[in-house]
Amino acid sequence: LYEDALKEYSDMSEEEKSLALISARYQKLFPQAQQFIFQSHISALRIPIITVDSLISMSVDCYLGADYELYQDRYRQYELVAHGRECLLPDVAEVMVRNTVPVQNGGLLEAMVYEGVVMHLMAGLLNDDSMATLMRYTPEQEAWCIEHEEEIWRSIIEQSHLFIRDNMTIYKYIYPAPFTA
């Protein structure tokens, strides 16, 4: 794992350039916020992004690609898509936003609005508003969501979930899982 991570990330110049752009955009959006310092580490597949005060450290061994052999037993099938190198910067942007914009307690609607704000700010930081990038979806998952959007909303309304305050139900809608509510 250690050697594979060092080999894959021996050159992080593209990520460094992108992180500089993300930081500049972040400072424009949040001029009073602290400036983050970035570093990388290897965590033995533990926590992908660690934050302490103004430090954001990226565990590069968590971003070796969906087909990386050691991931097959570590992650569930639906989680693998979020472990490619292309997910590193979106994860960093998401951590930056979530550390700056506090979550508000409430029901499903409030949670959906909060997640929308997070995605909108991430899109601004990454200069990319594709659902695949922001939500770590495959192109097929993105196409399915677009095709079935009306059905999804109809189901939420018919089940009277839009204003529900039950945390388990909210969790099923908001967080990644193989099947949702």
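1. Start with Glu 15. Not counting residues up to four places away in sequence, Glu 15 touches Tyr 9, Arg 85, Leu 88 and Leu 89. The model is a predicted one, and these contacts belong to that prediction. Glu 15 sits in helix H2, which covers residues 13-29. Glu 15 counts as buried because its relative accessibility is 9%, and buried means under 20%.

2. Arg 85 is the partner to look at next. Arg 85 lies in the loop between helix H3 (71-74) and helix H4 (88-100). Its side chain makes a polar contact with the side chain of Glu 15, at 2.6 Å. The side chain of Arg 85 also reaches the backbone oxygen of Asp 11, at 3.0 Å. Leaving aside residues up to four places away in sequence, Arg 85 touches Glu 8, Tyr 9, Asp 11, Met 12, Glu 15 and Tyr 63.

3. Is Arg 85 buried, partly exposed or exposed? Arg 85 is partly exposed, because its relative accessible area is 23%; the buried class ends under 20%. Glu 15, at 9%, is buried. A further point on position: the C-alpha atoms of Arg 85 and Ala 66 are separated by 9.3 Å. These two residues are 19 residues apart along the chain.

4. Now the sheet. Three strands form an open sheet, in the order S1-S3-S2, with mixed pairing. The edge strands are S1 (37-41) and S2 (49-52), and each pairs on one side only. Neighbouring strands of this sheet are turned by 20° against each other on average, direction ignored. Helix H4 packs on the sheet and touches S1, S2 and S3. The direction of H4 makes about 35° with that of S2.

5. Take the pairings one at a time. In general, strands of a sheet pair through backbone hydrogen bonds, either parallel or antiparallel. S1 and S3 (residues 55-59) pair in the parallel sense, over five bridges. S2 and S3 pair in the antiparallel sense, over four bridges. Here Ile 49 stands opposite Met 58 in S3, and Ile 50 stands opposite Ser 57 in S3.

6. What do S2 and S3 form together? They form a hairpin with two residues between them. Asp 53, in the turn, has a positive phi of about 50°. How many of the residues of S3 are buried? Four of its five residues are, and S3 is mostly covered.

7. Next, the cysteines. A disulfide is a covalent bond between the sulfur atoms of two cysteines. How many disulfides does the model have? The count comes to zero. Cys 62 is in no disulfide, and its nearest cysteine sulfur, that of Cys 87, is 12 Å away. The cut-off for a disulfide is within 2.5 Å. Cys 87 is likewise in no disulfide, with the sulfur of Cys 62 as its nearest, 12 Å away. Cys 62 is buried, because its relative accessible area is 0%. Cys 87 is buried too, with a relative accessible area of 4%.

8. Last, the aromatic rings. A search of the whole structure finds five aromatic pairs. In the pair of Tyr 171 and Tyr 175, the ring centres are 4.5 Å apart and the planes lie at 35°, so the pair is tilted. Tyr 171 is partly exposed, with a relative accessible area of 48%. Tyr 175 is partly exposed as well, at 41%. Elsewhere, ring pairs link Tyr 26, Phe 30 and Phe 36 into a cluster.

Note on methods
Residues are numbered from 1 along each chain as its sequence is written. This is a predicted model: local features need pLDDT of at least 70, side-chain atom pairs count only at pLDDT 80 or more; totals for chains, interfaces and linings use all residues. Side-chain values use heavy atoms; hydrogens and water are left out. Buried means under 20% relative accessible area, exposed over 50%, partly exposed in between (1.4 Å probe, protein chains only). Contact means heavy atoms within 4.5 Å. A polar contact is a pair of N or O atoms within 3.5 Å; within protein, one must be able to donate a hydrogen and the other to accept it, and residues adjacent in sequence count only if both atoms are side-chain atoms. Two strands pair if DSSP finds at least two bridges between them. Axes are lines fitted to C-alpha atoms, for helices over the stretch in contact, and angles run from 0 to 180 degrees between N-to-C directions. Rings of Phe, Tyr and Trp (its six-membered ring) pair if their centres lie within 6.5 Å; planes under 30 degrees apart count as stacked, over 60 as edge-to-face and the rest as tilted.
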